[in-house]
Amino acid sequence: KAVVSTQSTGEYTGLDTAKYGCGSCTIGTEGITCVSCEANEDAPCNGAVSTGKTFKCFPYAFNTTTKAWEAGSEAGTCIANEDTSIACNKPGESADQDYVVPHSGCGPCTAEAISANTCVQCEEDSCNSAAALSFVILPLIAAFFNLV
């Protein structure tokens, strides 16, 4: 039997650039970008890895002139494992210019970021666009002015 290394998918980032091969995974890559398996002549184990499912999320960048976070004009492609839920994220109200948007908007927020209001997440394809927020805010503004 031999220990064989193969690529693994990074959750919400897709396949890494590692190569399939024989031998142990490089130190620090096991379970992250490499998976070890035991193979023999009759049962190789380092076959192609499924790339999972794809969906779209918008990246965000901090505009230093307007001092505000802005969604990119085009959604990027996100890749998740087949059994993983679709999730997008964007900066929350408390995210300052030093905040780093995880995975270019792909994937969920950490519990800490949600609690700190530095990250907001949603669970649908392309749900983190700037327009998605306006669908919530505009009716609230209209309702407020109707009360006045």
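1. Buried means under 20% relative accessible area, exposed means over 50%, and partly exposed lies in between (1.4 Å probe, protein chains only). Phenylalanine 62 has 21% relative accessibility, so it counts as partly exposed.

2. A word on the source. This is a predicted model: local features need pLDDT of at least 70, side-chain atom pairs count only at pLDDT 80 or more, and totals for chains, interfaces and linings use all residues. Residues are numbered from 1 along each chain as its sequence is written, and side-chain values use heavy atoms, leaving out hydrogens and water.

3. Now the rings. Rings of Phe, Tyr and Trp (its six-membered ring) pair if their centres lie within 6.5 Å; planes under 30 degrees apart are stacked, over 60 edge-to-face, the rest tilted. The whole structure holds 2 aromatic pairs. Phenylalanine 62 and tryptophan 69 have ring centres 5.4 Å apart and planes at 75 degrees, so they pair edge-to-face.

4. Tryptophan 69 is buried, because its relative accessibility is 19%. Its ring centre lies 6.0 Å from that of tyrosine 99, with the planes at 85 degrees, so this pair is edge-to-face. The two residues are 30 apart in the chain: tryptophan 69 sits in strand S8 (residues 68-71), tyrosine 99 in the loop between strand S10 (88-91) and H1. Helices (H or I, at least four residues) and strands (E, at least two) are DSSP runs, numbered from the N terminus. Ring pairs join Phe62, Trp69 and Tyr99 into a cluster.

5. Threonine 118 occupies the loop between helix H1 (111-115) and strand S11 (119-122). At 16% relative accessibility, threonine 118 counts as buried. Beyond four places in sequence, its contacts (heavy atoms within 4.5 Å) include Tyr99, Lys90 and Ala113.
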